[in-house]
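Hi everyone, thanks for making time this morning.

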Amino acid sequence: LGALVERLLDDVSDIWVGAEVRGPSPCGTAGLYSIAYADDGSVEDEVDSQELRPRNPRLDFPVEVWVCIGSCVSESRDLCVFETLTHASCEAQRRQAQVWWCAIYHERFGRCCPRCQFERLAG
């Protein structure tokens, strides 16, 4: 219960996604579990234990670290994915979203109006 795992989504392409074991499946069949996916919290029941493997939480950094990492993101599609990495990166995104999206907009399009104070970083 509460174990961090990866669930096999596609065995041909070897695609695994992060999840947390919520407990035995409600159906009561041995070897089947209920899991919650790490990216959106959705729950799936009756997942076979053969489709699960232990997950190493490699990206388990504090929110403050994710804030620094997120400040380096310069593409909108990367910023959209950023918040799905971990709960902490999602919290960092929530805290800094206005600043990060503003920077990405201005980097792409330049100043938004004559009074705009935005300046591109050199380098």
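Let's start with R95 and E91, whose side chains meet in a salt bridge at 3.1 Å, N to O. This is a predicted model, so please take that distance as a computed one. The two residues are four apart in helix α3, and so about one helical turn separates them. That spacing makes sense, because an α-helix has 3.6 residues a turn and residues three or four places apart point the same way. As for accessibility, E91 counts as partly exposed at 23%, and R95 is partly exposed too, with a relative accessible area of 44%.

Now, which other residue does the side chain of R95 meet in a salt bridge at 4.0 Å? That partner is E64. E64 sits in helix α1 while R95 belongs to helix α3, so this pair ties together parts that are 31 residues apart in sequence. E64 is again partly exposed, at 49% relative accessible area. If you step back, salt bridges with shared partners join E64, E91, R94 and R95 into one network.

Let me stay with α3 for a moment. The helix runs over residues 87–109, which is 23 residues, and spans 31 Å from its first C-alpha to its last, close to the 33 Å expected. Where is the kink in this helix centred? Have a look at Q96: the kink there is about 75°.

Next, the buried side of the story. In α3 the buried residues are A88, S89, A92, Q93, W100, I104 and H106. Among the elements covering them are α1, residues 63–70, and α2, residues 76–82.

How many salt bridges does the structure hold? Seven, and one of them brings together the side chains of R7 and E51, 2.6 Å from N to O. That pair links distant parts of the chain: R7 is in strand β1, residues 4–10, whereas E51 is in the loop between β4 and β5, 44 residues away. Is R7 buried or exposed? R7 has 11% relative accessibility and therefore counts as buried, since the cut-off for buried is under 20%.

Strand β2, residues 15–24, runs antiparallel to β3, and five bridges join the two. If you want a landmark for that pairing, find P24, which stands opposite Y33 in β3.

β3 also pairs with β4, again in the antiparallel sense, this time over four bridges. Here the landmark is L32, standing opposite D48 in β4. The hairpin these two strands make has five residues between the strands, and in that hairpin G41 takes a positive phi, near 75°.

One is the network of E64, E91, R94 and R95. The other is β3, with bridges to β2 and to β4. Thanks, and I'm happy to take questions.

Key
Residues are numbered from 1 along each chain as its sequence is written. This is a predicted model: local features need pLDDT of at least 70, side-chain atom pairs count only at pLDDT 80 or more; totals for chains, interfaces and linings use all residues. Side-chain values use heavy atoms; hydrogens and water are left out. The expected span of a helix is 1.5 Å times one less than its number of residues. The bend at a residue is the angle between axes fitted to the seven residues ending there and the seven starting there. Buried means under 20% relative accessible area, exposed over 50%, partly exposed in between (1.4 Å probe, protein chains only). Contact means heavy atoms within 4.5 Å. Two strands pair if DSSP finds at least two bridges between them.
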